[in-house]
Amino acid sequence: MKPGLQHEMLSAIGSRELFDQAREYAHAYMDATLTRRAFPDDEALGALAAFDEPLPDEPERPAEILRMLHEHGSPATVAASGGRYFGFVTGGALPAALAARWLADVWDQNPVLYVLSPVISQLESTCERWIADLLRLPAGTVAGFVSGTSTATLCGLAAGRYALLERAGWNVNSEGLAGAPPLRVIVNEQAHASVFRALEVLGFGSARLERAAADDEGRMRLDSMPELDARCLVIAQAGHVNSGAFDPLDEIGDRVRRANAWLHVDGAFGLWAAASRSKRVLTRGIEKADSWSVDAHKTLNAPYDNGLVLCRHASTLAVALHASGSYLQFSDRRDGMLYTPEMSRRARAVDLWATLKALGRSGVEDLVDRLCLHAERFAAKLKAQGFRVLNDVVFNQVLAACETPELTRATLEHIQRSGECWCGGAEWRGEPVIRISVCSWATTAEDIDRSVAAFVAAREAATLGDRQTA
Ligand SMILES: *Cc1c(COP(=O)(O)O)cnc(C)c1O
């Protein structure tokens, strides 16, 4: 680095001007969070061309870097932290967690090992205990702090694979999969795409899976589950990505326990039902599982990215993900890398700790209940406006459709272009649907009503468009 440049960086830290500028921009962005378009308009998207430049030869002034981000970047963001973004299953960000994250960004901690960051080691331990308590998981459940449920599922299934093969007298870490005793994988045919990907990565060929049929709501049908034995890796789901439906976890858990098999639960957004007295019935039996994956960045509204793999067998998860090296200095405190496939990573536990601290037990319950109530309101108001609601709204997901598939598709296009709210689409029972996920703390009853009005206007525009082209 040129001495001049290093000097400039030192003075940037000293003067704080740069950070004040970032704070100003952040405040300007936040002020418009609740009013901005749910999806950027064409002008904002076009302005992204500003980033389409060759790699600069010379250093740029930091103030100019921030200006570019604010001028061209901010307007082209999706308003996922606002109240009218219902696309995919995307959580907002609680203010306390955002602010805590700013501070943690300045800390720039790397929670590989206790000796690399004692404070993050402590916060991870605290979060681990709090989450197990909130979700009513067995005492001693460990948590690995990962980017999201995709990685968490990979870790949980790796632990299951290790444990089942070990019981069969095979060490998969040293011996690999070739020649290993065959395992069976039982999965809901409508499991999330990330589950199938994790299975493929772990060497469970997709053609070899035993796919249990799903019922009308996407729940695993018990009568289509095969007989289990001690070689079975079973994956159940708490919260179907489209309908929000929950597999019958209690019965599945009993069968898995009887067979001495391994049960992993993908509870990306749905596992939080366990933290609500009124929704807890949906997750009855989750404590019977061996491992769970859950996101903090969806239902819980921690900032992105934030997910957890949870496992009741601490040492199995650690052995399945193990890595060693003479330079690694393990401690008698929590060493975060034991429970994740990564070494270096972001200190996500700060955001998570701040989220849980800001909500408390009652706040988490209130948040879960509110998302569900808003989803019910959305569904009821859509029905009153002549839309069809195709799923049983048990959690935060609503699947809506118009009279014909063509009208549903055209209406969705108009909704997406309106900027009033944003929803995605999916196929459900053979027809296109508009997929609504109520997942942000910021959503109000007025947001729901305004969005329903946007649905009605979009359907009108789509009907008119049809007539004009006919
Ligand atoms: C979102 C989701 C995932 C994937 O989680 P990421 O955090 O995006 O990796 C897996 N399963 C379900 C049911 C989901 O909703």
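The points below concern ring pairs and charges placed over rings.

1. The model is predicted: local features need pLDDT of at least 70, side-chain atom pairs count only at pLDDT 80 or more, and totals for chains, interfaces and linings use all residues. Residues are numbered from 1 along each chain as its sequence is written, and side-chain values use heavy atoms, with hydrogens and water left out.

2. Eight aromatic pairs are present in the structure; rings of Phe, Tyr and Trp (its six-membered ring) pair if their centres lie within 6.5 Å, and planes under 30 degrees apart count as stacked, over 60 as edge-to-face and the rest as tilted. In one of them, Phe-246 and Phe-395 have ring centres 5.6 Å apart and planes at 80 degrees, so this pair is edge-to-face. Because Phe-246 lies in the loop between β4 and α10 and Phe-395 in the loop between β8 and β9, the pair ties together parts 149 residues apart in sequence. Both Phe-246 and Phe-395 are buried (under 20% relative accessible area, 1.4 Å probe, protein chains only).

3. The rings of Phe-387 and Phe-455 are also edge-to-face, with centres 5.7 Å apart and planes at 75 degrees. Phe-387 is buried at 3% relative accessibility, and Phe-455 is buried at 0%.

4. The charged end of Arg-459 sits over the ring of Phe-387, 4.2 Å from its centre; the criterion is NZ of Lys or CZ of Arg within 6 Å of the ring centre and within 35 degrees of the ring normal. Likewise, the charged end of Arg-36 sits over the ring of Tyr-29, 3.6 Å from its centre.

5. Ring pairs join Phe-39, Tyr-85, Phe-88 and Trp-422 into a cluster.

How values were computed
Helix = DSSP H or I, 4+ residues; strand = E, 2+ residues; numbered from the N terminus. Buried < 20%, exposed > 50% of the residue type's maximum accessible area, 1.4 Å probe, protein only.
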